Amino acid sequence: MARIISKVREYGQVQAPLRDKIRFFNHKRTYASKYFRMIGIPESRNRNLALDLQVIGSDEVFNCVQSNVNVGYSKDLFGHDSPARSVISYAGSFGNTTLDKVEASGIADELARSFNAMDAVSVRDLNSQRIVEALTGTAPEIHLDPTLVYDFEGDTRNKRLRTSEPYIIVYGYSGRMDSEENAAVRSYADRIGARVLAFGGLQACADELIDCDPFTLLDYFRGASGVITDTFHGTIFSIISEVPFATIIRTSSGHGYGNEEKLGFLLNTLGFADRALKSATELATLMSSPIDFAPARAIRARESERTRAYLAAALTRAGELSEN
């Protein structure tokens, strides 16, 4: 109950219409029950890990040193004492946890044992690779987030949204955009005659918060005149949809939240370093500059093959273990 009250208070501080605050609260409260089944997650949790192969990842599964009291160091996410015959990670990330933070927390040796016990380790950014290498002496493979290697175009669950008026998307956590950023987005939207739709969080610059399922969300991205985001997956959705986008990179400070470790690496890997928004005053200029998505398309195709090969090898190895 205390967490709910805290979240309601947090959402209440964002300058957004009351209807959107209520909509966002309900979105967070009912998301699992409404949409998990759609993406193949059953209602009841399967806690049986007596498996041939356990794959840990992706996202920030290794982000074990944070200021948020609701998340933190979970040994399960490092395969600790797993009953599975084989344990690997795929595209896992330490997020803004750094090696200095790991060592200061006194868990470096324990993490090293956990990683050394895995049959294969895969991460998705350079910061995570450096941490694992420092802990184990071996550099893990780096793979793209599964969202970038999945064939969404071939998924029959895709929606085909039709809208008559132009819109831009703001995709980010509630209230993280400052007044200057909100003003820049509002000014840019007014200049091109577009509405501002918020996804994933409340934003002061938005005309409306949209609550929808994951596949409708992707279709909104496909039809957008542009996207402004400060999140990893907001950037990925923009790249998949091949729409103009600007990514705000937040610098980590102490134990505070930041996304530079994984988001900066993502932009560099796919050739979009120039899409980082360095100042709110540059938003209109950045959004009007053309983007060539062809090189990123080729990288994604190549990395998709690497991902499939990595997972196929893990499955083969687990199958051999189960036969012995």
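Reader: Which residue stands opposite Val227 in E9?

Author: Phe245 in E9 is the residue facing Val227. This is a predicted model, in which local features need pLDDT of at least 70, side-chain atom pairs count only at pLDDT 80 or more, and totals for chains, interfaces and linings use all residues. Residues are numbered from 1 along each chain as its sequence is written, and side-chain values use heavy atoms, with hydrogens and water left out.

Reader: How many bridges do E8 and E9 share, and in what sense do they pair?

Author: Strands of a sheet pair through backbone hydrogen bonds, either parallel or antiparallel. Here strand E8 (residues 226-229) pairs with E9 in the parallel sense over three bridges. Two strands count as paired if DSSP finds at least two bridges between them; helices (H or I, at least four residues) and strands (E, at least two) are DSSP runs, numbered from the N terminus.

Reader: What is the strand order in the open sheet?

Author: Its five strands follow the order E7-E6-E5-E8-E9, with parallel pairing. Strand E7 (208-209) and strand E9 (245-247) are at the edges with a single partner strand each, so one side of each has no neighbour in the sheet. Helix H7 (residues 179-192) packs on this sheet and touches strand E5 (167-171), strand E6 (195-199) and E8, where contact means heavy atoms within 4.5 Å. The direction of H7 makes about 165° with that of E5; axes are lines fitted to C-alpha atoms, for helices over the stretch in contact, and angles run from 0 to 180 degrees between N-to-C directions.

Reader: Which way do the side chains of E2 point?

Author: In a regular strand the side chains alternate between the two faces of the sheet. In strand E2 (residues 86-89), Ser86 and Ile88 point one way, Val87 and Ser89 the other, and all are buried. Buried means under 20% relative accessible area, exposed over 50%, and partly exposed in between (1.4 Å probe, protein chains only). E2 runs parallel to E1, joined by four bridges, and Val87 in E2 is the bridge partner of Gln54.

Reader: Where do Asp81 and Ala91 lie, and are they buried or exposed?

Author: Asp81 sits in the loop between E1 and E2, and is exposed because its relative accessible area is 67%. Its phi is near 60°, a positive value in a residue other than glycine. Ala91, in the loop between E2 and helix H3 (99-104), is buried, at 0% relative accessibility. Ala91 also has a positive phi, about 55°, although it is not a glycine.
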